[in-house]
Amino acid sequence: MPDAPDLDPAILTSGVPLLGICYGMQLIAHRLGGELVKLDRAEYGPAVLRIDDARSPLFAGVPRESRVWMSHGDSVVRLPSGFTSLASTERCAVAAMGDATRKVYGVQFHPEVVHTEHGRVILENFLSRIAEVPRDWAMESFVDAAIAEIRERLGEARAICALSGGVDSAVAATLVARAIGKQLTCIFVDHGLLRKGEAEQVISAFRDVLHLDVRAIDARERFLEALSGVDDPERKRIIIGHEFIAIFEEAARAIPGVRFLVQGTLYPDVIESKTPESKAGQKIKSHHNVGGLPERMHLELLEPLRMLFKDEVRALGRVLGLPEPIVRRQPFPGPGLAVRIIGDVTAERLQILRDADAIVREEIDRAPLSPHPWQYFAVLTPVRSVGVMGDGRTYANLVAVRAITSEDGMTADWARLPPELLERISTRIVNEVRGVNRVAYDITSKPPATVEWE
Ligand code: XMP
């Protein structure tokens with residue numbers, strides 16, 4: 001059993017109600033004298049949970065059999081004293097355990113994922129029936145507590161924040177500005193790779209609506225030059241990342257006395273950065289969160305959203321008065337449109353993609369769809385083909401349209417858009433965007449495809 005510095009053994013005997021999930025249950029079992037074995041074959045994916053003790057408050061309202069999500073390589077084979085087994089699956093004899101006297105429980109499956117049918121009920125049962133937590137948490141009280149904490153930590157110190165246009169950095173900056181006002185300077189690097197109207201929208205929202213101190217840096221030319229002739233997507237990402245950090249660093253050095261760097265790190269990022277398999281993900285996001293900069297510039301990190309999930313960040317943004325387009329902004333790659341242009345990124349190709357993408361978004365935003373797609377955008381392919389327009393022959397670009405339904409972008413299905421909507425999108429793109437004579441709709445789910453084309 002690997003050591004887990006995160007679990008203070010004293011907590012197990014402190015009388016605090018506990019629910020260990022997956023590895024958390026194994027830790028509890030191990031620390032309290034139970035026994036684990038390594039499975040010959042890890043159990044990963046769906047399983048049927050059978051409740052063996054239906055009187056346990058943990059499973060109140062949960063059917064005797066239900067679908068859960070498993071992901072484990074070890075299993076509890078002997079319970080610590082005082083515990084009973086509450087549920088099992090075909091391959092896992094102890095899928096849930098509990099000690100009602102100590103109020104310490106464990107579940108081997110993942111109640112927090114959507115694939116576990118009654119996961120939410122189980123978590124609520126633990127909170128309300130076992131831990132007896134009052135339901136008095138409100139976003140407003142989070143704001144008050146966070147502001148007090150930020151003031152206490154920063155005192156008179158100055159902070160900087162990189163605004164990307166995304167909801168996380170926007171909410172983090174707004175919250176910190178509430179706490180320390182003009183001691184915060186925001187830096188917005190316009191790399192020219194945002195969608196139509198977005199750069200202006202970000203600057204105006206922050207300057208005019210939220211009255212933050214925003215330094216906008218027009219680096220569009222610089223990014224275009226750096227990207228000239230590059231068509232490998234991974235190289236594009238690296239170049240954009242380096243360029244971004246260099247520009248941000250120059251801007252940051254021009255502000256005297258900065259001690260803190262504000263980042264919109266969320267709770268899933270905190271969890272992910274603790275697991276080895278997340279390395280690739282971290283790298284992808286590295287330019288987004290100006291990785292490496294804090295050490296080089298001797299800045300301390302301030303991450304006021306690190307205990308929140310994305311939907312909570314959106315709710316917080318609304319409480320702080322952020323404009324709705326920013327709060328509801330779709331996920332967008334840090335390297336922006338550069339990865340949605342397959343092949344060389346030029347000013348002309350950026351213009352084509354921006355115009356086509358604006359039409360896709362406008363039409364889908366306007367359509368009464370249920371469910372509404374989770375993410376939708378245009379991609380500029382390197383394909384050119386022959387067409388006829390009026391009485392002339394054209395040889396122009398193929399634009400692909402991608403619209404997906406998803407919970408979190410990890411898996412996705414292509415959205416079944418009505419044919420009339422697809423027709424409107426296609427007609428408008430071909431008529432209104434110069435240089436495009438053909439539109440295709442991507443009907444691939446993830447997996448096997450990814451959301452982005454790159
Ligand atoms: P893929 O293409 O990997 O995308 O299926 C999954 C989701 O992640 C978004 N994405 C990014 N988000 N920085 C981000 O913050 C990035 O560099 C990045 N690349 C992809 C993508 O839009 C989709 O929602």
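Rings of Phe, Tyr and Trp (for Trp, its six-membered ring) form an aromatic pair if their centres lie within 6.5 Å; planes under 30 degrees apart count as stacked, over 60 as edge-to-face and the rest as tilted. A search of the whole structure finds five such pairs. The structure is a predicted model, in which local features need pLDDT of at least 70 and side-chain atom pairs count only at pLDDT 80 or more, while totals for chains, interfaces and linings use all residues. Residues are numbered from 1 along each chain as its sequence is written, and side-chain values use heavy atoms, with hydrogens and water left out.

**Aromatic pairs**

Helices (H or I, at least four residues) and strands (E, at least two) are DSSP runs, numbered from the N terminus. Y44 counts as exposed, at 64% relative accessibility. On this scale, buried means under 20% relative accessible area, exposed over 50%, and partly exposed in between, with a 1.4 Å probe and protein chains only.

Y267 and F309 also form an edge-to-face pair, with 5.4 Å centre to centre and 80 degrees between the planes. Y267 belongs to helix α9 (residues 267–272), whereas F309 sits in the loop between β11 (300–302) and α12 (310–319), so the pair ties together parts that are 42 residues apart in sequence. Y267 is partly exposed, with a relative accessible area of 28%; F309 is partly exposed too, with 40%.

**The ligand and its surroundings**

The ligand is surrounded by 15 residues, the closest being R237, Q375, K446, V451 and E452. The shell divides into seven nonpolar, five polar and three charged residues. Here Ala, Val, Leu, Ile, Met, Phe, Trp, Tyr, Cys and Pro count as nonpolar, Asp, Glu, Lys and Arg as charged, and the others, Gly among them, as polar. Domain 2 (139–327) and domain 3 (340–441) both give residues to this shell, so the ligand lies between them. The domain bounds come from an automatic or database domain assignment.

| Residue | Atom of the residue | Distance to a ligand oxygen atom |
|---|---|---|
| Q375 | polar side-chain atom | 2.8 Å |
| V451 | backbone N or O atom | 2.8 Å |
| E452 | polar side-chain atom | 2.5 Å |

Taken alone, the ligand exposes 490 Å², of which the protein buries 79%. Accessible areas come from the Shrake-Rupley method with a 1.4 Å probe; for residues, only the protein chains shown count as cover.

Q375 lies in strand β12 (residues 375–389) and counts as buried, at 4% relative accessibility. A polar atom of the Q375 side chain also lies 2.9 Å from the backbone oxygen of P331.

**Two further residues**

V436 is placed in strand β15 (residues 436–441) and counts as buried, at 2% relative accessibility. R55, in the loop between β2 and β3, is exposed, with a relative accessible area of 74%.

Note on methods. Near = heavy atom within 4 Å. Polar contact = N/O pair within 3.5 Å; in protein donor to acceptor, adjacent residues only side chain to side chain.
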